[in-house]
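Colleague: I am new to this one. Please walk me through it, one question at a time.

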Amino acid sequence: MSKKDELARQATDYALDHGLIGLSLRPLAAALGTSDRMLIYHFGSKDALVAAVLETSCDLSVRTIRDLPASSSVRQAVLDLWAAFEMPQLQRCQRLYVEAAALGLFGREPYATSVRASNDVWLAEMVAHLRRSGADDRAEGLAVLIDAAFNGILLDQPLEEARDSRRIVEDLADALA
């Protein structure tokens, strides 16, 4: 692993703990045992570092989906994807994604570009899992629906204590089966 890759991984761990909003190079560098100048040397700019963090976080998320065995049905695939989505590491990555997406909505770079790239990679992996699980030519449309529903649930969870996310996902699985 190159020094740049090592720093990207460490910076991702830092961002997963502290978030992206208000990210400052000096505290990040201090936490990584380096200097802000060395971060700029390795990445070229703060934006390039942030893009590397988002790419690394996306890779962690995608690996979780890629490692899922084929599900026995489309219904079970939805439930298995949700179980993966609820894993603590994936939840941390999703929260980072939501921060980046919010900033990207306002056209801020590198967030907008990184989120678009993450979406493509994430959806491709969901499509692959759905195909392994028997969805065939419906997989792309199902992946988009599942992703939208899961992100909606994720955004509502902190605000809706009484919601039963599992029941919503089961209803989604039944509808898509």
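Modeller: Contact means heavy atoms within 4.5 Å. Helices (H or I, at least four residues) are DSSP runs, numbered from the N terminus. This is a predicted model: local features need pLDDT of at least 70, side-chain atom pairs count only at pLDDT 80 or more, and totals for chains, interfaces and linings use all residues. Residues are numbered from 1 along each chain as its sequence is written, and side-chain values use heavy atoms, with hydrogens and water left out.

Colleague: Which residues in α7 meet α6?

Modeller: From α6, the residues are Leu 90, Gln 94, Tyr 97, Ala 100, Ala 101, Leu 103 and Gly 104. Ala, Val, Leu, Ile, Met, Phe, Trp, Tyr, Cys and Pro count as nonpolar, Asp, Glu, Lys and Arg as charged, and the others, Gly among them, as polar. By class, the contact of α6 with α7 has nine nonpolar, three polar and no charged residues. The α7 residues are Tyr 111, Ala 112, Val 115, Asn 119 and Trp 122.

Colleague: Are α6 and α7 oblique or roughly parallel to each other?

Modeller: Axes are lines fitted to C-alpha atoms, for helices over the stretch in contact, and angles run from 0 to 180 degrees between N-to-C directions. For α6 (residues 88-105) and α7 (residues 111-132), the angle is about 135° and the axes are 8 Å apart. Angles under 35 degrees count as roughly parallel, over 145 as roughly antiparallel, 65 to 115 as roughly perpendicular and the rest as oblique. So α6 and α7 are oblique.

Colleague: Is the crossing of α6 and α7 left-handed or right-handed?

Modeller: A crossing is left-handed if the near helix is turned anticlockwise from the far one by less than a right angle, and right-handed if clockwise. The crossing of α6 past α7 is left-handed.

Colleague: With which side chain does Gln 94 make a polar contact?

Modeller: Gln 94 sits in α6. Gln 94 is buried, at 5% relative accessible area (buried means under 20%, exposed over 50%, partly exposed in between, with a 1.4 Å probe and protein chains only). Leaving aside neighbours within four places in sequence, Gln 94 is in contact with Ser 61, Phe 85, Trp 122, Asn 151 and Leu 154. The polar contact, at 3.3 Å (a pair of N or O atoms within 3.5 Å; within protein, one must be able to donate a hydrogen and the other to accept it, and residues adjacent in sequence count only if both atoms are side-chain atoms), is with the side chain of Asn 151.

Colleague: Which residue does a cis peptide bond join to Glu 109?

Modeller: Look at the loop between α6 and α7. A cis peptide bond, with omega about 10°, joins Glu 109 to Pro 110.

Colleague: Are α5 and α9 oblique or roughly antiparallel?

Modeller: Helix α5 (residues 74-85) and helix α9 (residues 165-176) pack at about 150°, with axes 8 Å apart. The α5 side includes Val 74, Arg 75 and Trp 82, and the α9 side includes Arg 166, Glu 170 and Asp 174. The residues of this contact divide into eight nonpolar, one polar and four charged. Therefore α5 and α9 are roughly antiparallel.

Colleague: Which residues in α7 meet α5?

Modeller: The helices α5 and α7 pack at about 140°, with axes 10 Å apart. That makes α5 oblique to α7. The contact has six nonpolar, one polar and no charged residues. Ala 77, Leu 81 and Phe 85 in α5 meet Trp 122, Met 126, His 129 and Leu 130.

Colleague: How far is Leu 130 from Leu 142, C-alpha to C-alpha?

Modeller: Leu 130 is buried, at 0% relative accessibility. Not counting residues up to four places away in sequence, Leu 130 touches residues including Ala 77, Leu 81, Leu 142 and Ile 146. Leu 130 and Leu 142 are 12 residues apart along the chain, and their C-alpha atoms are separated by 8.1 Å.

Terms used: Helices (H or I, at least four residues) and strands (E, at least two) are DSSP runs, numbered from the N terminus.
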